[in-house]
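Colleague: Hi, I've just opened this one and I'm new to it. Can you walk me through it?

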Amino acid sequence: MEPSSLAGAGHGADRPGDEVPAEFRAALEALAGVTARPEIVLEPIPAPQRLAPHAYAVGALVTELDGDEEVEVATGRFIVLHDPAGHESWAGTTRCVGYLSATTDEHMVDDAMFSEVAWSWLTDALEQCGAASHALGGTVTRTASTRFGELAGPEHTVDVEIRASWTAEDSHLDRHLTAWLDVLGSAAGLPPPGVRLLDPSGPQGGGAP
C-alpha cells in the first residue's frame, strides 16, 4: 500500500464572497504536504459550515486484513477552523479539532490509567512534532460491547474515542495533522513507523518454512 497524501486537495469551506486569508491559505498548503503512513488512508471531507468563516476537514481510515477481507479498525477526522478576527475562547485565530474511534485491546482498556495514557499520546505527539499550541482540551471515552444471538461480528469488542481541540500558534498545520495521525496509529495499535510485525505463520515466526 502506498503512503496517502493530501496533495492537490482543495481549499476547504469558505463563506461565499470571502477571500481566503493568507494565514489560512498557508495552513492549507502545509496540510497538503502531509503524507500518512501506508496503513492510514487520508481524504478531504466536507468541512463544518457554521463554526468559523473558514474551515477545512480531513478524514482518515485504518484497516487491517482479516483473511481476505479488509476490516476497519479505526477512523478519524481532523478539522481546521479559522477566524481572522480571532476567537475569545480559542485565544487565537486557528483552532484544530480532532476526533477518532478505534477498536483496541480489551486488556489495555481495563487498565485504570488507560485514559491518562491515551491523552498522553496527544500531548506527547504535539510536542514531538513541534506543533506549537495552547488551550488544549478534550475527552477520552472507553466503550465495551458484547454481541448476543445472531448479530454478526466478534463477541466482545472494546472501542476508544478521543475528542480534542487546541489552538495552533502558527501556520505549520502539517505538524498538527502529523501529531493527530500519530495518535490515530497508537489508538489503532499500529507498530512504530518503519517497524513490521512478523507473521507468526512465516519462517521467522516459528511456523513451517
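Colleague: OK, let's zoom out. How many helices and strands does the protein chain have?

Modeller: The protein chain has 4 helices and 9 strands. Going along the sequence, the pattern reads β-β-α-β-β-β-β-β-α-α-β-β-α. There are 209 residues in the protein chain, and 37% of them count as buried.

Colleague: What share of the contacts with a separation of 6 or more comes from residues 24 or more positions apart?

Modeller: That share is 65% in the protein chain.

Colleague: What about residues 200–209?

Modeller: Over residues 200–209 the pLDDT stays under 50, and the model has 11 contacts beyond four places in sequence for them. Where pLDDT is low, the predicted coordinates should not be read in detail.

Colleague: Good to know. Switching to the inside: how many residues are in the largest nonpolar core?

Modeller: The largest nonpolar core has 43 residues, and L42, I162, W180 and L181 have the most contacts inside it. Among the elements that give two or more residues to this core are α1 (22–32), β7 (92–103), α3 (114–128), β9 (156–168) and α4 (173–187). The largest share, 8 residues, comes from α4. In soluble globular proteins, nonpolar side chains tend to be buried together.

Colleague: You listed W180. What is W180 in contact with?

Modeller: Leaving aside neighbours within four places in sequence, W180 is in contact with R77, F78, G98, Y99, L100, L122, I162, A164 and W166. There is also another core, apart from the largest one, with 7 residues, among them A47, A52, A57 and L81.

Colleague: Tell me about α4 itself. How many residues does it have?

Modeller: α4 has 15 residues, and from its first C-alpha to its last it reaches 21 Å, close to the 21 Å expected at 1.5 Å a residue. The buried residues in α4 are L173, H176, L177, A179, W180, L181, V183, L184, G185 and A187. Just after α4 comes G189, with a positive phi of about 75°.

Colleague: And which residues of α1 are buried?

Modeller: In α1 the buried ones are F24, A27, L28, A30 and L31. They lie on the same side of α1, because they cover an arc of only 155° around the axis. The face turned away from that buried side carries the exposed residues A22 and E29. An α-helix has 3.6 residues a turn, so residues three or four places apart point the same way.

Colleague: Now the strands. In what sense do β4 and β5 pair?

Modeller: β4 and β5 (residues 54–66) pair in the antiparallel sense, over 6 bridges. One example is V41, whose bridge partner in β5 is L61.

Colleague: What about β5 and β6?

Modeller: β5 and β6 (residues 69–87) also pair in the antiparallel sense, over 13 bridges. V62 stands opposite A74 in β6. The two strands form a hairpin with 2 residues between them, and G67 in the turn has a positive phi of about 70°.

Colleague: Last one: where is E43 found?

Modeller: E43 is in strand β4, residues 40–45. E43 counts as partly exposed because its relative accessible area is 48%, and the exposed class starts over 50%.

Colleague: What does E43 contact?

Modeller: Setting aside its neighbours within four places in sequence, E43 is in contact with L6, V58 and G59. As for R77, it is 34 residues from E43 along the chain, and their C-alpha atoms are separated by 9.8 Å.

Note on methods: Residues numbered from 1 in each chain as written. Predicted model: local features only at pLDDT ≥ 70, side-chain atom pairs only at ≥ 80, totals over all residues. Heavy atoms only, no water. Buried < 20%, exposed > 50% of the residue type's maximum accessible area, 1.4 Å probe, protein only. Contact = heavy atoms within 4.5 Å. Pairing = 2+ DSSP bridges. Core = buried A, V, L, I, M, F, W, Y, C linked by side-chain atoms within 4.5 Å. Expected span 1.5 Å × (residues − 1). Arc of directions from axis to C-beta. pLDDT = per-residue confidence, 0-100.
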